[in-house]
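Please read the following briefing alongside the sequence and the coordinates. It goes through individual positions by topic and then turns to the ligand site.

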Amino acid sequence: MKNIYEEILNSKKESKKLLAILIDPDKVQLEIVDTLIEKINQSFATHVFVGGSLVKTNHLDLIIQKIKQNCSLPIILFPGNPSQISKYADGILFLNLISGRNSDYLIEHQVNAVPILEKTDLEIIPTGYILIENGKQTAVERVSQTKPLPRNDVAYVCQTAKAGEFMGNKLIYLEAGSGAEKAIPLEMIEAVSANLSIPLIVGGGIRSKVGIENAFKAGADLVVIGTAFETNFNFFEA
Ligand code: 1GP
């Protein structure tokens, strides 16, 4: 069994940066999964995240099984709700939307997920999820019916992230939203990572390798790339 969290912690200790490619089952056809895996294997990705805000399709299990056949990276669920749990993955980000005040995303979905999770061997990784304004409304905001935190209130975002750590989360995820107009500000990444003891994930709106590098330099331990790869499978080659 993979020890996903332990490895993330070790990487942080050794300042080894991590990259997750996010696959949204709604946006990926089964027929292209093989090509996609080939590209992932050629890239410097260290993790595969699978999930989306809605996930209307029912081929989640199939996609994950297909990825597993030819890719040895840990597959981590990044679910929008408990219907997006697959026993075929290796782990799950057990998300609390701590930037919002919608109890469904703070406790209701988590309670409903327990009977499903108890039937799996997924490694469960409690993750404080913080949505930040990005210039336009994103799917997370719409689906969760929560307001993102303002981009210019770095102090409040730091305070929220620290509350997430004090509550026992093992990771904090700073999210601008999939396809965000503006990624998380670098000074926010710097301040939040300096104030946290646990690893920091950063994602949303990062469209270039320079963007990934800048997020790493600012203090992100793991960067998530979704749209940029989804729209250009050669993203990591250019
Ligand atoms: C979304 O953070 C991820 O939840 C990735 O966002 O699709 O903009 O890369 P992008």
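## Briefing on selected positions and the ligand site

Thr160 is buried, with a relative accessible area of 8%, where buried means under 20% relative accessible area, exposed means over 50%, and partly exposed covers the range in between (1.4 Å probe, protein chains only). The model is a predicted one, in which local features need pLDDT of at least 70 and side-chain atom pairs count only at pLDDT 80 or more, while totals for chains, interfaces and linings use all residues. Residues are numbered from 1 along each chain as its sequence is written, and side-chain values use heavy atoms, with hydrogens and water left out.

- Thr160 lies in helix α6; helices (H or I, at least four residues) and strands (E, at least two) are DSSP runs, numbered from the N terminus.
- The side chain of Thr160 reaches the backbone oxygen of Tyr156 at 2.8 Å, a polar contact being a pair of N or O atoms within 3.5 Å, for which, within protein, one atom must be able to donate a hydrogen and the other to accept it, and residues adjacent in sequence count only if both atoms are side-chain atoms.
- Glu190 belongs to helix α7, which covers residues 186-195, and Glu190 is partly exposed, with a relative accessible area of 45%.
- Between the C-alpha atoms of Glu190 and Thr160 there are 15 Å, and the two residues are 30 residues apart along the chain.

**Loop residues with positive phi**

- Ser15, a residue other than glycine, has a positive phi near 55°, and its place is the loop between α1 (4-13) and β1 (18-23).
- Ser15 counts as exposed because its relative accessibility is 59%.
- Gln145 is likewise not a glycine and has a positive phi of about 50°; Gln145 is found in the loop between α5 (139-144) and α6 (154-166).
- With a relative accessibility of 68%, Gln145 counts as exposed.

**Buried positions and C-alpha separations**

- Pro79 is in the loop between β3 (75-77) and β4 (91-97), and Pro79 is buried, at 16% relative accessible area.
- Pro79 and Glu213 are separated by 134 residues in sequence and by 26 Å in space, taken from C-alpha to C-alpha.
- Glu141, a residue of helix α5, is buried at a relative accessible area of 10%.
- Ala228 sits in helix α9, residues 227-230, and Ala228 is buried, with a relative accessible area of 10%.
- The C-alpha atoms of Ala228 and Ile206 are 7.3 Å apart, and these residues are 22 residues apart along the chain.

**The ligand and its surroundings**

- The ligand is surrounded by 14 residues, of which the closest are Glu175, Ser178, Gly179, Gly205 and Thr227; a residue is near a molecule or strand if one of its heavy atoms lies within 4 Å of it.
- The residues of this shell divide into five nonpolar, eight polar and one charged, where Ala, Val, Leu, Ile, Met, Phe, Trp, Tyr, Cys and Pro count as nonpolar, Asp, Glu, Lys and Arg as charged, and the others, Gly among them, as polar.
- The strands β6 (171-175) and β8 (222-225) each supply at least two residues of the shell around the ligand.
- A polar side-chain atom of Glu175 is 2.5 Å from an oxygen atom of the ligand.
- Taken alone, the ligand exposes 310 Å², and the protein buries 97% of that, with accessible areas coming from the Shrake-Rupley method with a 1.4 Å probe and, for residues, only the protein chains shown counting as cover.
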